[in-house]
Amino acid sequence: MNIEDFVCSAPPTISLSGLGSCMQEVKMPSPIDFYIKNSRDIINYGTSQRLNELNQLGGLLLLGLISSAEGYFRSILSSTLNICPLCKNIAAEKQINLGGVLWHGKDEFRRSAFEHMSFTSSKELMTASKGYLGFEMKGSVFNGILKDFDAVCHLRHGLIHNAGILPGRNAVQIDIQSYSKPVEIRVDFAFLQNAAATIESLVVTFNRALFTEMCGRWASSWRARTDWNSSNERKKFMQIWNLFSCKLELQNRPNKKYLTPKKCMDQVRFNYNL
């Protein structure tokens, strides 16, 4: 018997294979639609019965919800960068990874700009938004939900990096009591629902606020540029509309016949006296 056999059995002899079977091409909807579908699927799976049967399931689903939000932020930031000339000016001197350019190609290389960011803290999200888009997440509409989002992300750190045990540096930054023993993060049904609402509040608020900002730029600063072409006015607005509009939600919204791009464009024109 070898010395190492005293502590545990030898691992199986195996090499990783089948990576290709994990990959599937998908057609990407708008960032908000992609987030809504992912988050709804996760929440629908996380029933009270399932979470009671497996203690770790709630934490895994919480990670899925945060990942969906990260995917939204990467997608909306890169896509906004693609359609807004002001964003391009602001981000012109930023650097991106060559690997991302090689993978995404010339049509989607902008996605590489955010692949090194985790978006699991309000600080990083605010820095990226301002640094690449010139959009500042300020005001009471963001204050509360950013604080709550940070708390959820502190739990995420323990779930991913510490086998579900809450690290001390994360524990002291959230509003919980002190413990004398290690604390395992247990995400039950009620907290999962609460956390999902917190994450969705941030995503939806950001989507609405940035949409309003882009409509304002379409109505003012874009028009002040020498490359503005009034004949492309509607085309430019539709780029904004298609990027931010939630098609899934629109299906069930009351008075949806009034929630059209034309009526929205008319409202923007009215607000800016165009």
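**Note on a predicted all-helix chain**

1. Arginine 186 and glutamate 184 pair through their side chains in a salt bridge, at 2.8 Å from N to O; a salt bridge here is a side-chain nitrogen of Lys or Arg within 4 Å of a carboxyl oxygen of Asp or Glu. Arginine 186 is partly exposed at 49% relative accessibility, and glutamate 184 is partly exposed at 36%. The cut-offs are under 20% relative accessible area for buried and over 50% for exposed, with partly exposed in between (1.4 Å probe, protein chains only).

2. On provenance: the model is predicted, so local features need pLDDT of at least 70 and side-chain atom pairs count only at pLDDT 80 or more, while totals for chains, interfaces and linings use all residues. Residues are numbered from 1 along each chain as its sequence is written, and side-chain values use heavy atoms, with hydrogens and water left out.

3. The chain has 12 helices and 0 strands. Helices (H or I, at least four residues) and strands (E, at least two) are DSSP runs, numbered from the N terminus. The C-alpha trace spans about 80 × 40 × 35 Å along its principal axes. Of the 274 residues, 38% count as buried. The chain exposes about 17200 Å², and carbon and sulfur atoms supply 53% of that area; accessible areas come from the Shrake-Rupley method with a 1.4 Å probe, and for residues only the protein chains shown count as cover.

4. Contacts (heavy atoms within 4.5 Å) can be sorted by sequence separation. Among those between residues at least 6 apart in sequence, 70% join residues at least 24 apart.

5. The largest nonpolar core has 68 residues, and the members that touch the most others are Leu62, Phe73, Ile199, Leu202, Phe206, Trp218 and Ile240. Two or more core residues come from each of helix 1, helix 3 (57-83), helix 4 (85-91), helix 6 (122-133), helix 7 (140-161), helix 9 (189-219), helix 10 (233-244) and helix 12 (261-271). Such a core is a set of buried Ala, Val, Leu, Ile, Met, Phe, Trp, Tyr and Cys residues joined through side-chain atoms within 4.5 Å. As background, nonpolar side chains in soluble globular proteins tend to be buried together.

6. Phenylalanine 206 deserves a separate entry. Leaving out residues up to four places away in sequence, phenylalanine 206 touches Tyr72, Phe73, Ile76, Leu77, Ser129, Phe135, Met137 and Phe142.

7. The whole structure contains 12 salt bridges. One of them joins the side chains of arginine 40 and glutamate 200, at 2.6 Å from N to O. Arginine 40 lies in helix 1 and glutamate 200 in helix 9, so this pair ties together parts that are 160 residues apart in sequence. Both ends are partly exposed: arginine 40 has a relative accessible area of 37%, and glutamate 200 has 22%.

8. Lysine 262 and aspartate 266 form another salt bridge, with the closest N and O atoms 3.1 Å apart. Both residues sit in helix 12, 4 residues apart, about one turn of the helix. Lysine 262 is exposed at 56% relative accessibility, whereas aspartate 266 is partly exposed at 36%. Elsewhere, salt bridges link Lys130, Glu136 and Lys138 in a network.

9. There are 0 disulfides, a disulfide being a pair of cysteine sulfur atoms within 2.5 Å. For cysteine 84, the closest cysteine sulfur is in cysteine 87, at 3.5 Å, which is too far for a bond. Cysteine 84 is buried, at 0% relative accessible area. Cysteine 153 also counts as buried, at 5% relative accessibility.

10. Met1, Ile3, Phe6 and Val7 make up a nonpolar surface patch, with about 590 Å² of accessible area together. Patches are made of residues with over 30% relative accessible area and no salt bridge, where like charges are joined within 9 Å and nonpolar side chains (Val, Leu, Ile, Met, Phe, Trp, Tyr) within 5 Å. Isoleucine 3 is in the segment before helix 1 (31-45) and is exposed, at 72% relative accessibility.

11. Asparagine 143 lies in helix 7 and counts as exposed, at 51% relative accessibility. The C-alpha atoms of asparagine 143 and serine 122 are separated by 9.8 Å, with the two residues 21 apart along the chain.
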